[in-house]
Amino acid sequence: MGTLLSIKNLKTHFYSAGKTVRALDGVSFDIEEGGAFGLVGETGCGKSVTALSILRLIPSPPGKIVGGEIHFKGRNLLNLSEDEIRSIRGKEISMIFQEPMTCLNPVFRIGDQMAEVVMLHQGLQRARAIENAIRMLERVHIPDAPHVARQFPHQLSGGMRQRVMIAMELSCHPSLLIADEPTTALDVTIQAQILQLIREMKKEFHTS
């Protein structure tokens, strides 16, 4: 096993009202292939900014990655073009956010949203992509997956929506899955289930 992701001296700053906020100011760490890495810190310390920086999703303005390196499979993500980084997002690196309702489109059915990911990155036709979405929903232990695939996000509980997000982000079997406090909005029983599910999926898909 080698190093999958290597971050060196990463600096992400935000500029507002003539002031500079150094959200990240020299962050460095490595994640091994097949490994699990936990980034711990108080609210506002830069955990989410670190995750967004890896995928180059920092809103600009006001934010900007001003220094450092993010090496993934030997390539510095900060040197890639927009098209190149878009081809990596969702396919090789996926991210589960804190609140799935902010990520799931409220006007599209669950199956259609999941199908769109594999249609984009794997070139599947819509019918096969929907079949793949249902299989992934089953793999994250969602009962009656064909019915859930036809539902809208607001019809599901918080725990179910988070399972949908996990299924969606693992649809393309990414090498790296970033989980940004994915259990924050859930009660403790569901939190334990989601964490166990992530462990199961990590092992099944050999994801870091």
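The model is predicted: local features need pLDDT of at least 70, side-chain atom pairs count only at pLDDT 80 or more, and totals for chains, interfaces and linings use all residues. Residues are numbered from 1 along each chain as its sequence is written, and side-chain values use heavy atoms, without hydrogens and water.

**Exercise 1.** Describe the lining of the second largest pocket.

*Solution.* Step 1: a pocket is an open set of points on a 1 Å grid over the protein atoms alone, where a 1.4 Å probe fits, with protein on both sides within 12 Å along at least five of seven lines; lining residues have an atom within 4 Å of a point.
Step 1: 22 residues line this pocket, and Gly90, Cys103, Val117, Met168 and Glu169 lie nearest its centre.
Step 2: by class, the lining of this pocket divides into 12 nonpolar, 5 polar and 5 charged residues.

**Exercise 2.** Is Phe72 buried or exposed? Find its contacts.

*Solution.* Step 1: buried means under 20% relative accessible area, exposed over 50%, partly exposed in between (1.4 Å probe, protein chains only).
Step 1: Phe72 has a relative accessible area of 2%, so Phe72 is buried.
Step 2: contact means heavy atoms within 4.5 Å. Leaving aside neighbours within four places in sequence, Phe72 is in contact with residues including Leu4, Glu92 and Leu176.
Step 3: Phe72 and Glu92 are 20 residues apart in sequence, and their C-alpha atoms are 9.6 Å apart in space.

Terms used. Nonpolar A, V, L, I, M, F, W, Y, C, P; charged D, E, K, R; others polar.
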